[in-house]
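Q: I'm new to this one, could you walk me through it?
A: Gladly; let us look at it together and take your questions as they come.

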Amino acid sequence: EDGIKSALEAINVGGDAPPSSLFGPERFMSLENVESVTIAGDGRGRVPAGRVRALHTLWDGEAGPMGTAVAATFQAVKDFGPVRRADAQPGHGAAYPSGELGKAMAEAARIVRGDAGVRVITVDQGSWDMHTGLPTRLKTQAGPMFDMGFTAFIEDLDQRGLLDETL
């Protein structure tokens with residue numbers, strides 16, 4: 001095609017900064033949630049056609065880093081369409097916990113269900129910066145939160161027949 005590799009090879013969900021494991025020559029994308037993968041619009045969820053035309057006019061054919069980045073962004077948004085159309089509800093019986101990790105695990109499962117060619121998904125829990133009471137906090141907060149989120153992820157994908165090809 002046009003030589004642009006998809007940014008959908010690897011995705012970081014829920015974190016402010018991507019993990020260092022994704023750094024390298026291959027493109028990756030970080031997102032807060034599935035609905036955030038779009039071209040910025042008018043603040044009401046709509047993208048004016050004029051904005052898209054203007055971006056294409058400015059950057060189509062530009063061979064430099066910015067032109068390549070804009071083209072990759074348009075391609076990633078287009079390629080992410082099946083994920084946005086994927087059912088946002090978890091599979092039968094899967095119950096994601098509330099909080100950052102549960103939301104990120106649910107988004108990761110939706111990305112898998114969307115089958116857009118993503119090969120690696122990382123999920124960021126948020127702050128693991130615990131200086132005091134570490135054994136208690138791991139036992140009462142972080143551990144159970146991870147256990148419930150990962151269990152729901154496994155159940156969600158298993159209910160849809162996606163588990164064997166995912167992990």
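**The pocket and the cores**

Q: What is the volume of the largest pocket?
A: In this predicted model, the largest pocket has a volume of about 400 Å³. On a 1 Å grid over the protein atoms alone, a pocket is an open set of points where a 1.4 Å probe fits, with protein on both sides within 12 Å along at least five of seven lines, and lining residues have an atom within 4 Å of a point. The volume is the space filled by probe spheres set on the points, which are joined across faces, edges and corners.

Q: And which elements give two or more residues to its lining?
A: Those are helix 4, strand 3 (120–123) and helix 5, where helices (H or I, at least four residues) and strands (E, at least two) are DSSP runs numbered from the N terminus. The largest share, 4 residues, comes from helix 4.

Q: Which residues lie nearest the centre of that pocket?
A: Of the 18 lining residues, V112, V118, R119, I121 and T166 lie nearest the centre.

Q: Changing topic, how many residues are in the largest nonpolar core?
A: That core has 16 residues, of which I11, V13, M29, L31, V37, F80 and I111 touch the most other members. A nonpolar core is a set of buried Ala, Val, Leu, Ile, Met, Phe, Trp, Tyr and Cys residues joined through side-chain atoms within 4.5 Å, and buried means under 20% relative accessible area, exposed over 50% and partly exposed in between, with a 1.4 Å probe and protein chains only.

Q: What is V37 in contact with?
A: Leaving aside neighbours within four places in sequence, V37 is in contact (heavy atoms within 4.5 Å) with M29, L31, V77, F80 and R84.

Q: Where does S21 lie?
A: S21 lies in the loop between strand 1 and strand 2, and S21 counts as exposed because its relative accessibility is 59%.

Q: Last topic: where is confidence lowest, and where highest?
A: Helix 5 (residues 134–159) has the lowest, at a mean pLDDT of 85, and helix 4 (residues 100–114) the highest, at 91; pLDDT is the predictor's confidence in each residue, from 0 to 100.

Q: What should I know about the conventions?
A: Residues are numbered from 1 along each chain as its sequence is written, and side-chain values use heavy atoms, leaving out hydrogens and water. Local features need pLDDT of at least 70 and side-chain atom pairs count only at pLDDT 80 or more, while totals for chains, interfaces and linings use all residues.
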